Amino acid sequence: RTAQGPLASRWQEGGLEQRILALKTCIAFTARAVDDTCIRLFAERLRPRVFQAGTFITKRGETGDPMYFIASGSCSCTLFGKELERLQKGQCFGEVSIINLCKMRSAGIPDSEARSRCTRGADIQALERCEMLELRFEDAWPLIRLAPNLWFTLEGIAKRRSLKAPSPQVLHRAPP
(Lines give C-alpha, C1' and ligand atoms only; values in the text may rest on other atoms or scores of the structure.)
Protein backbone atom coordinates (compact mmCIF):
# COMPACT_ATOMS: atom_id res chain seq x y z
CA ARG A 1 0.00 0.00 0.00
CA THR A 2 2.63 2.50 -0.99
CA ALA A 3 2.85 5.14 -3.67
CA GLN A 4 3.78 3.75 -7.05
CA GLY A 5 4.29 5.07 -10.55
CA PRO A 6 4.52 8.61 -11.84
CA LEU A 7 2.01 10.10 -9.40
CA ALA A 8 4.44 10.10 -6.51
CA SER A 9 7.00 12.26 -8.30
CA ARG A 10 4.47 14.32 -10.27
CA TRP A 11 2.54 15.37 -7.16
CA GLN A 12 5.34 15.57 -4.59
CA GLU A 13 8.04 17.39 -6.53
CA GLY A 14 6.52 20.77 -7.26
CA GLY A 15 3.02 19.31 -7.30
CA LEU A 16 1.54 21.53 -4.62
CA GLU A 17 -0.57 23.34 -7.19
CA GLN A 18 -1.89 20.02 -8.51
CA ARG A 19 -2.85 18.96 -4.98
CA ILE A 20 -4.62 22.30 -4.47
CA LEU A 21 -6.55 21.84 -7.72
CA ALA A 22 -7.52 18.30 -6.70
CA LEU A 23 -8.85 19.52 -3.34
CA LYS A 24 -10.83 22.27 -5.08
CA THR A 25 -12.77 19.51 -6.90
CA CYS A 26 -13.37 17.51 -3.72
CA ILE A 27 -16.85 17.81 -2.22
CA ALA A 28 -15.36 18.00 1.28
CA PHE A 29 -13.77 21.33 0.37
CA THR A 30 -16.41 22.70 -2.02
CA ALA A 31 -19.68 21.95 -0.19
CA ARG A 32 -19.18 24.80 2.29
CA ALA A 33 -16.56 26.80 0.40
CA VAL A 34 -13.38 26.19 2.40
CA ASP A 35 -11.17 29.21 1.72
CA ASP A 36 -8.06 29.03 -0.45
CA THR A 37 -5.66 29.61 2.44
CA CYS A 38 -6.98 26.55 4.29
CA ILE A 39 -6.98 24.47 1.11
CA ARG A 40 -3.31 25.35 0.59
CA LEU A 41 -2.44 24.40 4.18
CA PHE A 42 -4.10 21.01 3.75
CA ALA A 43 -2.53 20.46 0.31
CA GLU A 44 0.92 21.02 1.81
CA ARG A 45 0.31 18.09 4.18
CA LEU A 46 -1.10 15.59 1.67
CA ARG A 47 0.85 12.53 0.56
CA PRO A 48 0.12 11.14 -2.91
CA ARG A 49 -0.59 7.42 -3.15
CA VAL A 50 -1.37 5.12 -6.06
CA PHE A 51 -3.36 1.92 -5.67
CA GLN A 52 -3.73 -0.60 -8.48
CA ALA A 53 -7.05 -2.24 -9.40
CA GLY A 54 -8.04 -4.92 -6.91
CA THR A 55 -5.93 -3.52 -4.06
CA PHE A 56 -7.63 -3.11 -0.69
CA ILE A 57 -6.87 0.43 0.42
CA THR A 58 -8.48 -0.09 3.82
CA LYS A 59 -9.86 -3.13 5.60
CA ARG A 60 -12.61 -3.21 8.22
CA GLY A 61 -11.10 -3.30 11.71
CA GLU A 62 -7.76 -1.69 10.79
CA THR A 63 -6.61 1.46 12.55
CA GLY A 64 -8.63 4.34 11.09
CA ASP A 65 -5.80 6.64 10.04
CA PRO A 66 -5.30 8.11 7.40
CA MET A 67 -8.20 9.44 5.37
CA TYR A 68 -8.06 9.73 1.57
CA PHE A 69 -9.23 12.14 -1.11
CA ILE A 70 -9.72 10.50 -4.52
CA ALA A 71 -7.81 12.39 -7.23
CA SER A 72 -8.62 9.82 -9.95
CA GLY A 73 -10.13 6.38 -10.29
CA SER A 74 -12.95 4.65 -8.45
CA CYS A 75 -13.32 2.42 -5.41
CA SER A 76 -15.89 0.16 -3.88
CA CYS A 77 -16.89 0.47 -0.24
CA THR A 78 -18.06 -2.90 1.09
CA LEU A 79 -19.17 -4.30 4.41
CA PHE A 80 -19.32 -8.07 4.87
CA GLY A 81 -19.01 -8.48 1.09
CA LYS A 82 -21.95 -6.20 0.22
CA GLU A 83 -21.27 -3.00 -1.69
CA LEU A 84 -22.46 0.08 0.19
CA GLU A 85 -21.15 2.79 -2.11
CA ARG A 86 -19.06 3.46 -5.19
CA LEU A 87 -16.53 6.22 -4.61
CA GLN A 88 -14.93 8.29 -7.35
CA LYS A 89 -12.89 11.38 -8.11
CA GLY A 90 -13.80 14.26 -5.82
CA GLN A 91 -14.95 12.05 -2.95
CA CYS A 92 -13.17 11.06 0.23
CA PHE A 93 -13.21 8.26 2.77
CA GLY A 94 -11.79 7.67 6.22
CA GLU A 95 -13.41 10.82 7.56
CA VAL A 96 -15.26 8.99 10.35
CA SER A 97 -12.02 7.91 12.00
CA ILE A 98 -10.36 11.30 11.61
CA ILE A 99 -13.42 12.99 13.17
CA ASN A 100 -13.47 10.48 16.03
CA LEU A 101 -9.72 10.83 16.61
CA CYS A 102 -10.08 14.62 16.77
CA LYS A 103 -12.98 14.38 19.23
CA MET A 104 -11.15 11.91 21.48
CA ARG A 105 -7.91 13.87 21.46
CA SER A 106 -9.86 17.07 22.25
CA ALA A 107 -11.42 15.24 25.20
CA GLY A 108 -7.94 14.42 26.52
CA ILE A 109 -7.87 10.74 25.55
CA PRO A 110 -4.24 9.67 24.97
CA ASP A 111 -3.20 9.14 21.36
CA SER A 112 -2.56 5.40 21.65
CA GLU A 113 -5.95 4.76 23.26
CA ALA A 114 -7.78 6.94 20.72
CA ARG A 115 -6.10 5.13 17.83
CA SER A 116 -6.96 1.72 19.25
CA ARG A 117 -10.62 2.77 19.48
CA CYS A 118 -10.84 4.27 15.97
CA THR A 119 -10.97 1.45 13.47
CA ARG A 120 -12.21 1.18 9.90
CA GLY A 121 -15.88 0.40 9.53
CA ALA A 122 -15.70 -1.01 5.99
CA ASP A 123 -13.38 -2.28 3.28
CA ILE A 124 -12.36 0.04 0.44
CA GLN A 125 -11.03 -1.61 -2.71
CA ALA A 126 -9.67 0.07 -5.84
CA LEU A 127 -11.78 -0.84 -8.87
CA GLU A 128 -9.17 0.61 -11.21
CA ARG A 129 -5.86 2.42 -10.82
CA CYS A 130 -6.55 5.11 -8.23
CA GLU A 131 -4.59 8.22 -7.38
CA MET A 132 -5.23 9.27 -3.81
CA LEU A 133 -4.21 12.15 -1.62
CA GLU A 134 -3.60 10.87 1.90
CA LEU A 135 -4.20 12.97 5.01
CA ARG A 136 -2.83 11.57 8.26
CA PHE A 137 -4.33 12.49 11.61
CA GLU A 138 -1.15 14.18 12.87
CA ASP A 139 -1.31 16.49 9.83
CA ALA A 140 -5.07 17.10 10.05
CA TRP A 141 -5.19 17.67 13.84
CA PRO A 142 -3.53 21.13 13.90
CA LEU A 143 -5.38 22.27 10.76
CA ILE A 144 -8.94 21.06 11.26
CA ARG A 145 -9.72 23.83 13.74
CA LEU A 146 -8.78 26.39 11.07
CA ALA A 147 -11.42 25.03 8.71
CA PRO A 148 -14.79 24.67 10.49
CA ASN A 149 -16.53 24.47 7.10
CA LEU A 150 -14.50 21.36 6.27
CA TRP A 151 -15.20 19.86 9.71
CA PHE A 152 -18.97 20.32 9.29
CA THR A 153 -18.89 18.86 5.78
CA LEU A 154 -16.91 15.82 6.93
CA GLU A 155 -19.36 15.31 9.80
CA GLY A 156 -22.23 15.46 7.29
CA ILE A 157 -20.58 12.91 5.00
CA ALA A 158 -19.92 10.63 7.97
CA LYS A 159 -23.52 10.91 9.19
CA ARG A 160 -24.93 10.20 5.72
CA ARG A 161 -22.74 7.12 5.38
CA SER A 162 -23.63 5.79 8.83
CA LEU A 163 -27.33 6.12 8.05
CA LYS A 164 -26.88 4.19 4.79
CA ALA A 165 -24.87 1.35 6.37
CA PRO A 166 -27.00 -1.68 7.18
CA SER A 167 -26.52 -3.46 10.47
CA PRO A 168 -24.44 -6.68 10.47
CA GLN A 169 -27.63 -8.62 11.26
CA VAL A 170 -29.28 -7.36 8.07
CA LEU A 171 -26.22 -8.19 5.99
CA HIS A 172 -26.04 -11.76 7.30
CA ARG A 173 -29.75 -12.48 7.24
CA ALA A 174 -30.75 -15.35 4.94
CA PRO A 175 -33.10 -14.38 2.11
CA PRO A 176 -36.80 -15.30 2.66
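Predicted model: local features only at pLDDT ≥ 70, side-chain atom pairs only at ≥ 80, totals over all residues.
Once its neighbours within four places in sequence are left aside, Thr153 is in contact with Ile27, Ala28, Ala31 and Arg32. Thr153 and Val34 stand 119 residues apart in sequence, while their C-alpha atoms are 9.8 Å apart in space.

Not counting residues up to four places away in sequence, Ala28 touches Val34, Phe69, Cys92, Leu150, Thr153, Leu154 and Ile157. Ala28 is also among the residues with the most contacts inside the largest nonpolar core, which has 37 residues; the others listed with it are Leu23, Phe29, Phe42, Phe69, Leu150 and Leu154. Elements that give two or more residues to this core include helix 3 (27-30), helix 4 (36-45), strand 3 (67-72), helix 7 (137-144) and helix 8 (148-164). Apart from this core lies another, of 13 residues, among them Ile57, Leu87, Ile124 and Met132.

Two of the contributing helices can be followed as a pair. The axes of helix 4 and helix 7 come within 10 Å and cross at roughly 165 degrees, and because angles over 145 degrees are classed that way, the two helices are roughly antiparallel to each other. Their crossing is right-handed. Leu41, Phe42 and Arg45 of helix 4 make the contact with Asp139, Leu143 and Ile144 of helix 7, and by class this contact has 4 nonpolar, no polar and 2 charged residues.

Key:
Residues numbered from 1 in each chain as written. Heavy atoms only, no water. Core = buried A, V, L, I, M, F, W, Y, C linked by side-chain atoms within 4.5 Å. Buried < 20%, exposed > 50% of the residue type's maximum accessible area, 1.4 Å probe, protein only. Helix = DSSP H or I, 4+ residues; strand = E, 2+ residues; numbered from the N terminus. Contact = heavy atoms within 4.5 Å. Axes fitted to C-alpha atoms, helices over the stretch in contact; angles between N-to-C directions. Parallel < 35°, antiparallel > 145°, perpendicular 65-115°, else oblique. Left-handed = near helix turned anticlockwise from the far one by under 90°. Nonpolar A, V, L, I, M, F, W, Y, C, P; charged D, E, K, R; others polar.
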